[in-house]
Amino acid sequence: MITSTIDPAFTVGQVNSLLFGTFVEHLGRCVYTGIYEPAHPTADADGFRGDVAALVRELGATVVRYPGGNFVSNYRWEDGVGPRDQRPRVLDLAWRSIETNQVGTDDFLAWCNRVGIQPMLAVNLGNRGLAEAVDYLEYVNGTAGTRYADQRVGNGYAKPWDVRLWCLGNEMDGPWQIGHKTPLEYARVAQEVARAYKTFDADLQLVACGSSNTTMPTFGEWERVVLEHCFDDVELISAHAYYEPVGGDEVSFLAASTHMDRFIRDVVATADHVAAMRRSEKRINVSFDEWNVWFAARHGEQEVERTEASEAPELIQDVYNALDAVVVGSLLITLLRNTDRVGVACQAQLVNAIAPILTVEGGTAWRQTIFHPFALTARHARGTVLVLAGDHGRIDTPAYGEVEQVWAVATYDAESGDLAVFAVNRSLTDAASWTVRLGAFGDLRLVEHLTLAEDDRNAVNSEDAPDRVVPHPGVSAVAGSNLEVTLPPASWHCIRLT
Ligand code: AHR
C-alpha cells in the first residue's frame, strides 16, 4: 500500500503552458509529406495538410521550435523565402538530404498562426554567424522601411512576425554539429548575437545552447562558460535528452524520468552558481527543447550514412509502443514538477521523425501511442502545480539505483476547483494500491480516470489499426477524503476530480 497526500499549499508554481512544446525540423518526412504536402487531398491553399493540422491542434502543443536541430547549422534562411519556384534545391549536410526549400520561414510562421501555436526560431551559428543572424531577425521581426524587412514585405508579409523566442544555434557542443565549437568559442559568438538581438528588442526571450546530453565530456563546464559570457543577455539555456531501453534494460527505461529530473536540477545548479558569482537575483531557466523516446541504437547513424541524398527520406520514423507512451507520460510529469525552472520544453519532434503523429504520403495521418499522454496532460494541467508528500514506494533500477515506484504530480485550478493527478507506476512487474489523501480540498468527486496500460506493452498504433493503443478508464474511487487508485505495472494515469 502506497500513501500520498496532496494539499493546495504544496505549490511548485503556476503550470507553465510552454512546457507543452513541440519541434519541427527539416528532417526526413517531418516537413515534406508531414506537415506540408500540396498534393494531399486535405491540403490548404498554402500546401499544408489539413488532417495533420487538425491532429496538431488536438495534441495541444503550445510552442514549436523550427527549423532545427542539426539542420539549422547549415541553413541559409534566404533560400526559403520568396517565390517558391525560384527557391534553390540544396544539400542538407546534417541529414544528407536534398532540401527543396518549398517550406521556409514565412510559410512556417503563417502555418503556426493558422494552427494557433507560438513559434520558436533557431538561428544558424554553425556555418554562419552574427551578421546573418541579425539579418534574419530583421527579416522576421523588422518594421517595413529597411532592407530585410522590406524583402519580407515584398514577399507578401507586410506585418512583422514578432517572434519572441529565439534559440542561439543548436547543440554546438556536439562534434556531429556543422560548425561544432569549444565552450569558449560558442560562448563568444552567442554573447555577440544575444547582445545584438537585445539591442534590436530588449524583450526577446533568448536561449543559449546547453549540452546535447549529460554524457557529453563538457557537460556542466559548457553551461558554466556559456552563462558566464551570456548571463545578462539570455533568459534560458537548453537541455536535450532522448531515452531508450539501453541494452534492453526496460526497468531503467521506465524510470527515465529520474534522469530528466536530475538533468534539470544540475543545469539549474550551474546557472544559479553563475548567478551567485555575479551576486545576481536573475534566474536563468532551462529550455528543454528536445526530449523524447528515440531508439537511436536501432535507427541512428546507419540511416544518415547513406551515400545518396534524396528528398524527404524516411529517417528515424520510430513506431512507439505502449511502454514508450508510459515513459513519455512520466517525462511530462517531470517537466510539470519543475515548472518553476523549466521555461520551455519541446517534444522532438512533431510528425514522422520521432513523432507523436505519423502520416502516409497521399494517405492518412494517425496518433502514435505517445500522442495520448501528451494531449491529455496539455489539456488538463491547469492552475498551480502541486507536489505530493508521502512514501511513493521504491524500485531498484540498474541505471539509477533505487527510485520511487509511483512518479506523480498534481495541478489545481482554484477558480474552477479542478484537480488533476498525473501518475506513473514505474514498476514493470508490480501493481500498486495507491491511497491519495485529499482532505485539504474538501469534498471532491471523480470526473474521469484515464489510463494507458496494455498487457502487451509492445502494442503499437498503425495505419491499419490507428486506435490499437488508446487511453481506457482506470480503476479508482473516492472514499471519504481519500482517492483509492489501482496502478497496474508500467501504467500512466490522468485522474480528474472537482
Ligand atoms: O531531433 C533530432 C536531432 O537530435 C536534432 O536535429 C538534434 O539537435 C539532436 O541531436
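This is a predicted model: local features need pLDDT of at least 70, side-chain atom pairs count only at pLDDT 80 or more; totals for chains, interfaces and linings use all residues.
Leaving aside its neighbours within four places in sequence, which residues is N141 in contact with?

**Entry 1: overall form**

I started with the whole protein chain. I counted eleven helices and 27 strands in its secondary structure. I then looked up the extent of the C-alpha trace. Along the principal axes it spans about 70 × 60 × 45 Å. For 498 residues, a compact globule would have a radius of gyration near 23 Å, and the chain's 22 Å agrees with that. I also checked burial, and 52% of the 498 residues count as buried. Residues 24 or more positions apart account for 76% of them.

**Entry 2: domains**

I turned to the domain assignment. Domain 1 is given as 2-9 + 384-497, and domain 2 as 15-380. Their centres, taken over C-alpha atoms, are separated by 30 Å. I looked at the contact between them: domain 1 puts in 35 residues and domain 2 puts in 34 residues. Which elements give two or more residues to the side of domain 1 that touches domain 2? I found β16 (384-386), β20 (406-413), β21 (418-425), β23 (446-452) and β27 (491-497). I sorted the residues on that side of domain 1 by class and got 24 nonpolar, six polar and five charged.

**Entry 3: ligand shell**

I listed the residues around the ligand. They are E25, G68, G69, N70, N170, E171, S212, E290, A348 and Q349. How does this shell divide by class? I count one nonpolar, six polar and three charged residues.

**Entry 4: helix α5**

I then wrote down its buried residues: P183, Y186, A187, V189, A190, Q191, V193, A194 and Y197. I kept the helix rule in mind here: with 3.6 residues a turn, residues three or four places apart point the same way. What covers the buried residues of α5? I found that the cover includes β7 (118-123), α3 (130-141), β8 (165-168), β9 (205-208) and α6 (221-230).

**Entry 5: N141**

Back to my opening question. N141 is found in helix α3. Setting aside neighbours within four places in sequence, I found N141 in contact with P160, W161, D162, V163 and D201. Is N141 buried or exposed? I count N141 as buried, because 21 other C-beta atoms lie within 10 Å and the cut-off is 20 or more. I also looked up R152, eleven residues from N141 along the chain; the two C-alpha atoms are separated by 9.5 Å.

**Entry 6: A202**

I moved on to A202, which sits in the loop between α5 and β9. I count A202 as exposed, because it has 8 C-beta neighbours inside 10 Å and exposed residues have 12 or fewer. A202 and D233 are 31 residues apart along the chain, and their C-alpha atoms are separated by 8.8 Å.

**Entry 7: helix α10**

I ended with α10, residues 322-337. This helix has 16 residues and reaches 23 Å from its first C-alpha to its last. That is close to the 22 Å expected at 1.5 Å a residue. How many of the residues of α10 are buried? I found 16 of its 16 buried.

Key:
Residues are numbered from 1 along each chain as its sequence is written. A residue is near a molecule or strand if its C-beta atom, placed from the backbone, lies within 6 Å of it. Ala, Val, Leu, Ile, Met, Phe, Trp, Tyr, Cys and Pro count as nonpolar, Asp, Glu, Lys and Arg as charged, and the others, Gly among them, as polar. Domain bounds come from an automatic or database domain assignment. Two residues are in contact if their C-beta atoms, placed from the backbone, lie within 7 Å. Helices (H or I, at least four residues) and strands (E, at least two) are DSSP runs, numbered from the N terminus. The radius of gyration is taken over C-alpha atoms; the globule rule is 2.2 Å times the number of residues to the power 0.38. The expected span of a helix is 1.5 Å times one less than its number of residues.
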